[in-house]
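Visitor: Could you walk me through this one before I start on my own notes?
Guide: Gladly; have a look at it first, and then ask whatever you like.

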Amino acid sequence: MQRNERNLIMSDAVSRLRRLTALILKGFLLLATALSLVAVLLIIAYITRDAFPFFKLRGLGELFKSTAWFPSGHPPEFGALAIIFGSGLVTLGAIVVAVPLGIAAAIALSDILPYRLRQTVKPVIEILAAIPSVAYGFFALVIFAPLLQNRGGSLLALASWIIALPLGLLLIFAVTEIATRSIREDMVKPARLILAAVLTAILCRSLLALSAMLSAVKISSGTNALNVSIILGIMALPTIVSVAEDSLQAAGRELREGSYALGATRAETLFKVVIPAAGSGIIAAIILGVMRAVGETMVVWMASGNAAQIPSPWFNFLSPVRTLTATIAGDMGEADQVTGSSRYHVLFALALCLLLTSFVANLISEWILRRQQRRLGGLK
Amino acid sequence: MNLGSRKLFDRSLTGISVMAVFLMALSLLVLLGPIFSRGLGAFIFRATSEHRRMILEQFGRGDEEDVAAEMQAVARARRPLYGMLKKFEDELKNMEYGKRLGYRAQLKEVKNLLHDLLGPLPGEPETVMLRQEYGQTRWDRAQAKLGQILFSEQWDYSDKSSMGKKMLLPRRQFFAGTQLEPLFPYLKNNLVQMLRPHLVFYWRFLTDTSLDSHLFGGIWPEVLGTFYLTLGAILLAIPFGIIAAIYLSEFASAGRLVSMLRVCISTLAGVPSIVFGLFGLAFFINTLHLSSSKSVLAGSATLALLILPTIIRSAEEALKAVPHTYKEAALSLGASQMRMVLTVLLPAALPGILTGIIISMGRAAGETAPIIFTAAVSVGQPLKIWETLSQPTPALPWNIYNLATEHQAVDEIRHVQFGMVLTLVLLVLLLNLAAILIRARISKKMRG
């Protein structure tokens, strides 16, 4: 039937020619599209090819077990454990900074702020995402590091107040709520007041003690894991906020309206309905944001201190660290002249670790986002 | 929970999330504030007579007679100072040996500093390096130097429990009772006459080439290098990006191949930028031999791969946003699918595609890691367009790193570093602003 219709418009010969050209063009388009596939394959192939000689020569053990990183020593040592640890540490720091902030901001953008304000906040996120990483690194090195070094203690104290006070008050509120649940009706109010007052006093007292302790902290070098973690956290924010907001939006109006209709408040709707529905998308957002922090080069190269050591104790964010990306960037300059040496190939081995991490993380987040799309699509 | 506490809980969630947004905006302000305020210092500053002399002699700008007259006036103000130096040197000759030795070392330091501040002292041999031909060209740097002359820095290690403490000792005390003592107050009181600072707007900072590794001049080689790299990357990425987007949005049927292609695009977007750099080195330079070593071409190719996913995604979104009625109208008029795409779909989606391109331009301009091994050098001259095929270039992002960490006089050229960061950030922000404006126009048009 289709064929008949086509015959009404044009002759068979023309149609065949047209179909052929269309097919050729389509093939050509596919070929150009396949460039991404080719690029990914080439990247894997070439990084692996240049990483392989290192593993053949030195084996797998040294790279992941030893912390002695002396690629230019005699004999050279290629223990990258401290470097991998450094990458992990600053990533952990970035997660601590970016995840709560990012998710809270995403919630604000999707459900809380009025439309007009949302439209003004979005460019802020875009600008944060657009600022080149070297500008972040420069800020970290030239402005933030001296500030940390000279006024680090008081900054930490201030930060502890800003973070702990609202959260502490919320906690106190929850505790009084739970503790007074089974008290007689007419006693509830005074009991709550007293309990809240006592707990607030304790909170303030302990915060004072904490901030006094933090003010006394001397930071010997401003280029350390803390500095980098904060900056990386800010850099990861835009990704987390925009992906998480998208998936919160994707949960849809119907879900929210259903929950409101049952008498839930906005917070209850968010926590009991929207976030469970959008949860996997939020996890994907976190993964993508974290990968931005893991793969970031310039900030860590400029401001992490570049010391290949595991801090003691391991969570000491005030000590300098060194990361995978910074090692590749910093060591290649010297290794470049000796192409073919293990010094050159070890950097490809490190790059392979990075690449594999990013692949796995990407595939997981891709899978999560797609599954969520399907599920929410089915809901509607 | 009773109603009151439920409400309170709701409000505290609102408070916390609004605070998060506020903190985000605040961090943007804290980041951009110093970059803008100190970056402007590279363009607008109080220039000394040395600056005008340098501009005249090195760039051939300015009025020769004016500068000569000014140099004479400046020399008049400096004459007593040099006189004091001379007198002290004579005095030194008649001193006993031990005393003389102590003074001589200090005198040498003072003379070096004076040289840095005012330019060559009378009777000094011809200099080789450009930096020794001129004194401080900026008044803020001149004042910092003045501080170094008036006070010598000493470190006090008497307290063993902590790190050394910095102490500032007035040099005048050291030279008390000698002919050199009046030099310090004279210098302090007459520095304005010796250097004659005037506020200038040095917009040529963008277009002047750099002299003596950025101690003088502007950032033209970096600006041009960034321009080449960005242009090259975008030119290489646009055709592939748009074709891929057309294929994915119009021709691809949902199948295994297409979903694999999509996975590849998002994987490519997630590859760390430093890995792109290594790949560029291993593939474009060491395997394909696009150039014998680093070159703008190799760097552009690497950057093109980096921005490809962004272009594909945004172009695909723009193509998908074109109303179905457009396509159907074109097809019903007998246009082939290809013709419909070229004459209807692409023009309608063009603004959206353009936004994606502009945003990826900003990304390409600001990326550092991919060009470290493929295109960037620290020092270089502005390239001619054909040299980009084989020559490496300085570029803004790389030189920001390089000047901030590896330059021999990091502290003396802070203004250049901030100027570069400001230029780069402004470039990226303007590109993004353009994208935002285009997008606003599109959404207005779509709404009708």
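Predicted model: local features only at pLDDT ≥ 70, side-chain atom pairs only at ≥ 80, totals over all residues.

Visitor: How many residues does each chain bring to the contact?
Guide: Chain A contributes 85 residues to the contact, and chain B contributes 86 residues.

Visitor: And how much area do chain A and chain B bury between them?
Guide: The two chains bury about 7600 Å² between them, and carbon and sulfur atoms account for 81% of that area. On the chain A side, the residues that lose the most area to chain B are L29(A), T33(A) and F138(A), which together make up 8% of what that side buries.

Visitor: How many salt bridges cross the interface?
Guide: Two salt bridges are found across the interface of chain A and chain B. In a salt bridge between E126(A) and R439(B), the side chains meet with a distance of 3.1 Å from N to O.

Visitor: Switching to chain B, what are its helices and strands?
Guide: Chain B has 16 helices and six strands. Of its 448 residues, 50% are buried.

Visitor: What is its radius of gyration next to that of a compact globule?
Guide: Chain B has a radius of gyration of 31 Å, whereas a compact globule of 448 residues would have one near 22 Å. Along the principal axes, the C-alpha atoms of chain B fill a box of roughly 105 × 75 × 45 Å. Among the contacts in chain B with a separation of 6 or more, 72% are between residues 24 or more positions apart.

Visitor: Last topic: where is R343(A) found?
Guide: R343(A) lies in helix α14 of chain A, which covers residues 342-379. In space, the C-alpha atoms of R343(A) and P76(A) are 8.3 Å apart, although the two residues are 267 positions apart in sequence.

Visitor: Is R343(A) buried or exposed, and why?
Guide: R343(A) counts as buried because its relative accessible area is 17%, and the cut-off for buried is under 20%.

Note on methods:
Residues numbered from 1 in each chain as written. Chains lettered and ligands numbered in written order. Heavy atoms only, no water. Contact = heavy atoms within 4.5 Å. Buried area = accessible area lost by both parts, 1.4 Å probe. Salt bridge = Lys/Arg side-chain N within 4 Å of Asp/Glu carboxyl O. Helix = DSSP H or I, 4+ residues; strand = E, 2+ residues; numbered from the N terminus. Rg over C-alpha atoms; globule rule 2.2 N^0.38 Å. Buried < 20%, exposed > 50% of the residue type's maximum accessible area, 1.4 Å probe, protein only.
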